[in-house]
Amino acid sequence: MTVVPRLVLSAPSSGHGKNALAIGLLAAFADRGVDVAGFKVGPDRVDAAYLGLAAGRPGRTLDPRLVGVDRVAPLVGHGAAGAGLALVQGSMGLYDSLTGRPETESTAAVATALRSPVVLVVDVAATGQSVAALVHGFRSYDEQLWLGGVILNRVASARHEELLREALDDIGVPVYGALRRQDLPSVLPARRYGAVPALARTDEATRAVRRLGEAVAATVELDRLLALARSAPPLPAPAWAPEAGRETVGPRPVVAVAGAPGGSYSHAETAELLRAAGAEVVTVDPLHDEALPAGTGALVVGGGLPESYAGQLSANRRLCIAVAELARTGRPVVAEGAGLLWLARELDGLPMCGVLDAVGTRREGLVAGYREATALSESLVGPVGTVVAGHKEHHAVLTPRAGARPAWSWDGGAPEGFVWRGVHASQLTLHWAAYPRLAARLVDAAVAADPATARPDGVPA
């Protein structure tokens, strides 16, 4: 079994400050020399990117719907290998689930699957002794849950803090810290910038992480929290390993993965699976790089690429032309989320790569949610009839919604996405850890499409 000191940070609902506190905790522990790893429950790659910036290693998502409940603990064991602390930031409230499946997909369910203590962040700005009733309710609601204690946020005064601590002491719940209303500054870049500031390690993002770490270090009892994390038993399953099911002998094709110096717009496991399948993985920055890496034989554009950078994507004409040429020659290209929009003819009137004969238009409303999708065309992702669980989160709509060979269908929706030559493009984003053969298929296709390594029949030499 894998031993990983760990905590799950949650809250009664959204808005209690757990995101800033999770980033601050990782930064504070890292500043003390503790090797830390950050995880985010659910599909949110923006929060995961900032957790990664604070931790100094890739931030990862833990999404039971996308990877299956049984993979949650193994993925933590893998992502936290060698770490002295794994911090899991919850989503929404402790027992909430967007899909109506709290027994398997809530933060509480993830904490139970990890056998991890939970620390509840409570905004007490308008609460007195009633905090005890609130916390007692969360502790007793699920007898399998291990509520290790609380951190109080937005405390008004020393007297207010004293009242809160006394009330929680009466029910035997430890308090690991109390932050005043101004202690967690609103310093993170606006969410409209997506994961870019964190992955690009901008000055604004790094300063914000540092300030949150300083605030937490001054107000939270880090030693006691670390002791709580170390009291967690071994994880209930061995660590996940990136095994793509492909022999790695022979040529190593170069696979360009869209990203920035701090990581890619794909899940961290995507690049790990590609390497396990025998690829040489190189990052390409769609916003700044004017050429694909030398020898690129395939391209992966993950769903974390933000739609809001349409202007910069369009202005990078040299890279757009290179991507179009890569696709035209039949090299494998997988584009998810906004990656599909980058491959379109235009987005909001701005020219894009022109790989797909489609036009994107951003709208006010957000389309977000999970889909169980069925493959309509043979592609890199799998044969016709392949069933996957994916996530959609976008403002832009595409006209047409699908090409002559659509990628997916699902209940209640028209066919979606494009399969053309070696291209698979869709606004549906998958977590490749749930479909490790996808990496092997892509690498095989990259080898087959390379004239230097393929026979005339297209089969790898």
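A salt bridge is taken here as a side-chain nitrogen of Lys or Arg within 4 Å of a carboxyl oxygen of Asp or Glu. The model is predicted. Arg57 has 19% and counts as buried. The cut-off for buried is under 20% relative accessible area.

A second salt bridge links Arg318 and Glu290 through their side chains, again at 3.1 Å from N to O. Arg318 belongs to helix α14 (residues 317-328). Glu290 lies in the loop between β10 and β11 (296-301), so this pair ties together parts 28 residues apart in sequence. Arg318 reaches 60% relative accessibility and counts as exposed. Glu290, at 46%, counts as partly exposed. Helix α14 (residues 317-328) is thus the element that holds Arg318 in this pair.

Lys392 forms a salt bridge with Glu416, and their closest N and O atoms are 3.8 Å apart. This pair links distant parts of the chain. Lys392 is in strand β16 (residues 387-399) and Glu416 is in strand β18 (residues 413-416), 24 residues apart. Both Lys392 and Glu416 are buried. Elsewhere, salt bridges with shared partners join Lys40, Asp44, Asp47 and Arg191 into one network. The search of the whole structure finds 20 salt bridges.

Several helices and strands contribute to the lining. The helices α2 (45-55), α9 (196-199) and α12 (268-276) each supply at least two residues. So do the strands β3 (60-62), β9 (263-264) and β10 (280-284). By residue class, the lining of the second largest pocket divides into 13 nonpolar, 12 polar and seven charged residues.

Methods
Residues are numbered from 1 along each chain as its sequence is written. This is a predicted model: local features need pLDDT of at least 70, side-chain atom pairs count only at pLDDT 80 or more; totals for chains, interfaces and linings use all residues. Side-chain values use heavy atoms; hydrogens and water are left out. Helices (H or I, at least four residues) and strands (E, at least two) are DSSP runs, numbered from the N terminus. Ala, Val, Leu, Ile, Met, Phe, Trp, Tyr, Cys and Pro count as nonpolar, Asp, Glu, Lys and Arg as charged, and the others, Gly among them, as polar. Buried means under 20% relative accessible area, exposed over 50%, partly exposed in between (1.4 Å probe, protein chains only).
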